[in-house]
Amino acid sequence: MDHLTNDRWQRIDYLLAAALDRPPDERTAFLREACADDLDLYSEITTLLDNTAPAADLLGDSAADFAPALLTEEEATSGLKPGDQVGPYRLDAEVGRGGMGTVYRASRADGVFDKTVALKLVKRG
């Protein structure tokens, strides 16, 4: 896909987003109509669609899935301590705190991979 022009990428982006907004069983018919006789466009978008589920599995839960519970208090990180879990990450230690939130050294706790990361929890507001 390195050969694609900016206009082509915009078209792919638009159609991919539109397809993802539809139920999975309606996507093929939508794309066949939207791409018409452009088989390369159809192929490029279906390849991206085929890779969305594996990518989501690899990346894990979205912060939007677990953040609301953290943001119910004015200071979202006030009660967190090393050993607590946020999404798939276990907090190892607080690294720093500032006006925007708190940064922790964290490790993946679900065994998917072994990696130390910096996890910033942003204050509400």
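I count as strands the DSSP runs of E with at least two residues, and as helices the runs of H or I with at least four, numbered from the N terminus. The model is a predicted one: local features need pLDDT of at least 70 and side-chain atom pairs pLDDT 80 or more, while totals for chains, interfaces and linings use all residues. Residues are numbered from 1 along each chain as its sequence is written, and side-chain values use heavy atoms, without hydrogens or water.

**Entry 1: the chain as a whole**

I counted five helices and four strands in the chain. Along the sequence I read the pattern α-α-α-α-α-β-β-β-β. Of the 125 residues, 26% count as buried (under 20% relative accessible area; exposed is over 50% and partly exposed lies in between, with a 1.4 Å probe and protein chains only). I also looked up the contacts (heavy atoms within 4.5 Å): of those with a separation of 6 or more, 32% join residues 24 or more positions apart.

The four strands form an open sheet in the order 1-2-3-4, and the pairing is antiparallel. Two strands pair where DSSP finds at least two bridges between them. Strand 1 (85-86) and strand 4 (116-122) are the edge strands, each pairing on one side only.

I then followed the pairs. Strand 1 runs antiparallel to strand 2 and is joined to strand 2 by two bridges. In this pair V86 stands opposite Y89 of strand 2. The two strands make a hairpin with two residues between them, and G87 in the turn has a positive phi of about 60 degrees.

Strand 2 and strand 3 (residues 101-108) are also antiparallel, with seven bridges between them. Here I found L91 opposite A106 of strand 3. Three residues separate strand 2 from strand 3 in their hairpin.

**Entry 2: V95**

I located V95 in strand 2 (residues 89-97). Is V95 buried or exposed? V95 counts as exposed because its relative accessibility is 59%. Leaving aside neighbours within four places in sequence, I found V95 in contact with V103, Y104 and R105. V95 and R105 lie 10 residues apart along the chain, and their C-alpha atoms are separated by 6.3 Å.

**Entry 3: helix 1 and helix 2**

I next took helix 1 (residues 6-20) and helix 2 (residues 24-35), whose axes come within 9 Å and cross at roughly 150 degrees. Angles over 145 degrees count as roughly antiparallel, so helix 1 is roughly antiparallel to helix 2. I recorded the crossing as right-handed, the near helix being turned clockwise from the far one by less than a right angle.

Which residues of helix 1 meet helix 2? R11, L15, A18, A19 and L20 meet R27, F30, L31, A34 and C35.

**Entry 4: L16**

L16 is also in helix 1. L16 counts as buried because its relative accessibility is 15%. Beyond its neighbours within four places in sequence, I found L16 in contact with I45, L48 and L49. From L16 to Y42 I noted 10.0 Å, C-alpha to C-alpha, across 26 residues of sequence.

Technical notes. Axes are lines fitted to C-alpha atoms, for helices over the stretch in contact, and angles run from 0 to 180 degrees between N-to-C directions. Angles under 35 degrees count as roughly parallel, over 145 as roughly antiparallel, 65 to 115 as roughly perpendicular and the rest as oblique.
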